[in-house]
Amino acid sequence: MSRMKTYDGPASDHFNGLHFFDPDGAPPKSLREVLRWQFSGKRQRATWPEWVPSPHADTPPERVDGGKVRLSFVGHASWLIQAGGLNILVDPVWSSRVSPVAWAGPKRHNDPGIAFEKLPKVDVVLVSHGHYDHLDIATLSRLAKNFAPRVVTPLGNDVTMRSTDSSIKAEAFDWHDRVELGGGIAVHLVPTRHWTARGVFDRNKALWASFVLETPAGKIYVVCDSGYGDGRHFRRVAEKHGPLRLAILPIGAYEPRWFMRDQHMNPEDAVKALLDCGAQDALGHHHGTFQLTDEAIDAPAKALVEALDTAKIPQERFVAMKPGQVVEI
């Protein structure tokens with residue numbers, strides 16, 4: 001792992017020549033803190049049911065044209081976004097586990113909302129960062145073989161992809177870059193409060209990002225992983241990219257809070273993020289498929305209802321999605 005290829009580029013306000021960092025963020029927890037969480041006698045880890053099938057399954061159309069956008073939730077942080085005649089996948093994971101090895105690690109508790117065989121031709125893939133539940137080489141290789149899509153990702157993650165499979169057409173970009181995708185669609189890479197790694201020795205040697213998509217139906221803010229902090233990341237997106245038609249916000253993988261608060265939002269944080277970014281509506285993801293942390297499988301959806309009530313926000317403005325559910329705007 002220590003000899004794995006990593007990003008090599010000039011220093012910047014968020015890269016010191018060896019590691020990326022967020023000037024307004026927080027560093028990842030230490031190995032000692034990881035061990036304290038995992039093996040503390042006080043740990044309270046909810047037991048998830050072995051299999052919790054979604055009541056939904058989607059067969060997408062070949063294309064979506066005109067002024068509409070069609071969003072299909074695949075599961076966890078994976079989406080198919082169809083707009084402007086383009087088919088865009090976000091953080092695609094069709095593997096049964098999210099782990100460095102196929103025989104261990106967090107496993108699926110429901111099928112992908114779209115069967116791989118029912119995918120339309122994929123034109124573009126957006127990959128937010130290198131954690132295994134977001135950057136899945138097996139799925140990216142399968143997509144490369146079937147569709148040969150462009151893969152847009154933050155700096156350094158292209159090295160991870162190509163060093164494993166040279167057929168993956170990875171293109172790497174920095175925070176604040178704007179990338180034309182075609183069909184009147186463009187994507188901005190924006191800072192997000194997170195971190196990345198593939199192994200023990202490569203922490204933050206690649207960059208992480210959220211995405212703002214320009215579409216015919218308005219701008220869509222896609223946050224795949226983020227802590228809340230003081231909310232400045234979300235307010236800055238509102239200032240630079242608003243108004244936003246829709247925000248896709250993570251609501252799961254948040255317990256215990258002492259460990260997860262800096263890197264993952266809970267539903268209460270996600271509601272604050274919605275208010276900060278000013279999006280018209282929001283969809284909740286990053287819950288209910290892979291058990292990465294200690295909360296119950298249905299806890300995020302229940303807590304989102306309570307957080308919206310507390311904030312006096314209509315329930316229909318922020319919906320916790322299930323795999324296979326479709327939203328059109």
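Residues are numbered from 1 along each chain as its sequence is written. Because the model is predicted, local features need pLDDT of at least 70 and side-chain atom pairs count only at pLDDT 80 or more, whereas totals for chains, interfaces and linings use all residues, and side-chain values use heavy atoms, with hydrogens and water left out.

**Pockets**

- A pocket is an open set of points, on a 1 Å grid over the protein atoms alone, with protein on both sides within 12 Å along at least five of seven lines, and its lining residues have an atom within 4 Å of a point.
- Fifteen residues, written 15 in the count, line the second largest pocket, and V52, H287, G288, I297 and K322 lie nearest its centre.
- The lining of the second largest pocket divides into nine nonpolar, four polar and two charged residues, where Ala, Val, Leu, Ile, Met, Phe, Trp, Tyr, Cys and Pro count as nonpolar, Asp, Glu, Lys and Arg as charged, and the others, Gly among them, as polar.

**Cavities**

- The structure holds two cavities of 30 Å³ or more, a cavity being a set of grid points where a 1.4 Å probe fits but cannot get out.
- The largest cavity, with a volume of about 90 Å³, is lined by 16 residues, of which T160, R198, D202, K205 and A206 lie nearest its centre.
- The second largest cavity has a volume of about 70 Å³, and among its 14 lining residues W48, A253, H287, F290 and E295 are the closest to its centre.

**H194**

- H194 sits in the loop between β8 (185-190) and β9 (210-215), strands being DSSP runs of E with at least two residues.
- H194 counts as buried because its relative accessible area is 4%, buried meaning under 20% with a 1.4 Å probe and protein chains only.
- The side chain of H194 makes a polar contact with the side chain of H129 at 3.4 Å, a polar contact being a pair of N or O atoms within 3.5 Å, one able to donate a hydrogen and the other to accept it.
- A polar atom of the H194 side chain also lies 3.1 Å from the backbone oxygen of Q263.

Methods. Helix = DSSP H or I, 4+ residues; strand = E, 2+ residues; numbered from the N terminus. Buried < 20%, exposed > 50% of the residue type's maximum accessible area, 1.4 Å probe, protein only. Points joined across faces, edges and corners; volume = space filled by probe spheres on them.
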